[in-house]
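Please consult the sequence and the structure below while reading.

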Amino acid sequence: MFGFVTADPRELTAEEKRRYGSVYCGICRAIRLRSSRLSRMCLSYDMAFLALLHMSLYEPEEAHGKRACGFHPIKPRPWADSPYIQYAADMNVALAYYNCLDDWQDDRSLRSKLGASVLKQHAMSVAQVYPRQWQAITQCMDTLRNLEQENCTDPDLPAGAFGALMGELLVYKEDLWADTLRQMGMALGRFIYLADAAADYEKDQKKGRYNPFSGKDPDPALWETWLIMAMGRCTDYYERLPLVQDKKILDNILYGGVWLHRGRKEDSHGRGSL
């Protein structure tokens, strides 16, 4: 379900693109340092949003640098680092690990099995450091699997499960802003799940796979209301946060970028986007 919470690069200034890219590269760097080089294959721009949101809210000190890497060997690219970038890297790995497990169980994909084996050690470390978030991930995945096996036709139920997961991921710590972040995350998670289901609808129908919109009127215009309501609730809570730093990039993502990817999902790396 990666690839929806990304920026619209057409509306970013050159400086905003540099900043967005430095956070993304910082997460990639953190995954390499905390896990392995291969683990970077799971990297998603969605986690750059998570890091930018937390850094805008808490304004931590940041480290900065520039280096070339295996993905960009010619021209060194700037990177940023902070506790929230490291947190985004850990959540990226945890989600990717369970996504690989889910794909392996569904399709017996050897690629997914290999991915899970590469990510497992780091994912188990995340479970120890962030037990609340890890429990939310495992509970969500179990709930989604049960609903799929029951062929649930009520999109609210699986969307709510994924919303609960995202609610816990957006809460870095239980503080003054925890409830607002949790409510924002719940709405964002609902949007992501429903947008993913809408994008995969035709493919799932052809392959006979579960989709919560199966049995509903297949007119995408009717599904738009679900997405608008979810994102409207998300941005309502988002605007309650005292954000200044990087808010223009965050606005770009929530008010523009999330709609840019309607009907298609970005490659999990999105490396050519900026």
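Which residues form one aromatic cluster? The members are Y58, Y84, Y87, Y130 and Y172. The model is predicted, so local features need pLDDT of at least 70 and side-chain atom pairs count only at pLDDT 80 or more, while totals for chains, interfaces and linings use all residues. Residues are numbered from 1 along each chain as its sequence is written, and side-chain values use heavy atoms, with hydrogens and water left out.

**Aromatic pairs**

- The whole structure contains 13 aromatic pairs, a pair being rings of Phe, Tyr or Trp (its six-membered ring) with centres within 6.5 Å; planes under 30 degrees apart count as stacked, over 60 as edge-to-face and the rest as tilted.
- The pair of Y58 and Y84 is stacked, because the ring centres are 5.3 Å apart and the planes lie at 15 degrees.
- Y58 belongs to helix α2 (residues 46-58) and Y84 to helix α3 (residues 83-107), so this pair ties together parts that are 26 residues apart in sequence; helices (H or I, at least four residues) and strands (E, at least two) are DSSP runs, numbered from the N terminus.
- Both Y58 and Y84 are buried, where buried means under 20% relative accessible area, exposed over 50% and partly exposed in between (1.4 Å probe, protein chains only).
- Y238 and Y255 make an edge-to-face pair, at 6.4 Å centre to centre and 65 degrees between the planes.
- This second pair ties together parts that are 17 residues apart in sequence, because Y238 lies in helix α8 (residues 220-238) and Y255 in helix α9 (residues 247-260).
- Y238 is buried at a relative accessible area of 0%, whereas Y255 is partly exposed at 44%.

**Charges over rings**

- R29 places its charged end over the ring of W79, 3.7 Å from the ring centre; this requires NZ of Lys or CZ of Arg within 6 Å of the ring centre and within 35 degrees of the ring normal.
- The charged end of R240 sits over the ring of Y237, 4.2 Å from its centre.

**Helix α2**

- Of the 13 residues of α2, 13 are buried.
- E59 follows α2 and has a positive phi, near 45 degrees.

**Strand residue G65**

- G65 is found in strand β1 (residues 63-67) and is partly exposed, with a relative accessible area of 23%.
- Leaving aside residues up to four places away in sequence, G65 touches R77, P78 and W79 (contact means heavy atoms within 4.5 Å).
- The C-alpha atoms of G65 and R77 are separated by 8.3 Å, the two residues being 12 residues apart along the chain.
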